[in-house]
Amino acid sequence: MQSLSRRKFLHTGSLALLGASLAPRLFAQESGQTLFSSMGIAAPLEKAAALKAEGAQFLTASVGDFLVPDQPEEAFEKNLAKLADCPLPILACNSFIRPAHLHAVGPEANHDLILEWSDTSFRRLKKANGKFIVFGSSGARKIPDGWSKEKADEQFISLLKQMGTLADKHGITVTIEQLQAKECNYINRISEGAAIIRSVGHPRVRLLADLYHMACMGDTPADLKAAMDVVVHMEIAEKEGRTVPGISGDDFRPYFKVLKDAGYKGAMSIEGKWQPGQITTAFKEIARQAGEA
């Protein structure tokens, strides 16, 4: 009896140890932690409580709405007070340069004004404990008719080098986002974004890989792999209708495999269209595909 009891104990103990060793792994796969440091979503602070309940771990907020660089410090301090009561942190801010009078490229480029806008935005993002400014800003970086891409490249690289110095001063990182051609006529492919980042050569100016824009432009996992030396942040949505993952059934695993092989340590942020209740499904779908990649 003692022998049987001992065998039973050892068997039970082995199962317990096996379960204990598997539990973190299973949890990691369920939560997506095997690949992404955290998962969040682009949304205003007002929706944070509901989104946290659906699994969000951070927010991507709007520069214009949250950092309000066109408004006095008192306006930002009010938003900062709201953030203190918010159940989710802000990791990044997008919609960087919306004012129509600010131009990054072209004959009307006004870098001094953009850098003034940037300095305020970066300082306030740091105060909010954020890390990334997402530089999509299709209007500000649109190449005007008659202006060459070569001249635009020269202007944009010069601007980003100066932004890198400001970003370093405030301890944040500027991430350039490639945009599909129907939204902007400049930096549409991830390879174009990576080439600009390498030319800038500043560690505080890096690349955001948006899987939705990549799919719209036909960028492949191989294209992502070729850019991984400068990618520090990711965004995701499905190609059809820009829905959140799990609605149309897009397969992101080939891209996730690239991230895994490259040792990506960053976050994944949803930027897409959703209905109430879909975000839980979206995070689970990202986690499932990340675990299978």
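**Figure 1. Lys 151 and the ring of Trp 147 in the predicted model.** Lys 151 lies over the face of Trp 147. The distance to the ring centre is 4.8 Å.

**Figure 2. The aromatic pair of Phe 66 and Phe 76.** Eight aromatic pairs are found in a search of the whole structure. One of them joins Phe 66 and Phe 76 in an edge-to-face arrangement, at 5.8 Å centre to centre and with 80° between the planes. Phe 66 belongs to helix 3 (residues 63-67) and Phe 76 to helix 4 (residues 73-84), so the pair ties together parts that are 10 residues apart in sequence. Both Phe 66 and Phe 76 are buried.

**Figure 3. The aromatic pair of Phe 156 and Tyr 186.** These two rings, of Phe 156 and Tyr 186, are edge-to-face, with 5.5 Å centre to centre and 75° between the planes. Because Phe 156 lies in helix 6 and Tyr 186 in the loop between strand 5 and helix 7, the pair ties together parts that are 30 residues apart in sequence. Both residues, Phe 156 and Tyr 186, are buried. Ring pairs also link Phe 156 and Tyr 186 with Phe 96, Phe 122 and Phe 135 in a cluster.

**Figure 4. The buried face of helix 7 (residues 190-200).** The buried residues of helix 7 are Ile 190, Gly 193, Ala 194, Ile 196, Ile 197 and Val 200. Viewed down the helix axis, they fall within an arc of 160°, so they line one face of helix 7. They pack against helix 6 (149-170), strand 5 (173-177), strand 6 (205-210), helix 8 (211-217) and helix 9 (221-227). Just after helix 7, Gly 201 takes a positive phi of about 65°.

Conventions: Residues numbered from 1 in each chain as written. Predicted model: local features only at pLDDT ≥ 70, side-chain atom pairs only at ≥ 80, totals over all residues. Heavy atoms only, no water. Buried < 20%, exposed > 50% of the residue type's maximum accessible area, 1.4 Å probe, protein only. Helix = DSSP H or I, 4+ residues; strand = E, 2+ residues; numbered from the N terminus. Arc of directions from axis to C-beta. Contact = heavy atoms within 4.5 Å. Phe/Tyr/Trp six-rings, centres within 6.5 Å; stacked < 30°, edge-to-face > 60°. Lys NZ or Arg CZ within 6 Å of the ring centre and 35° of its normal.
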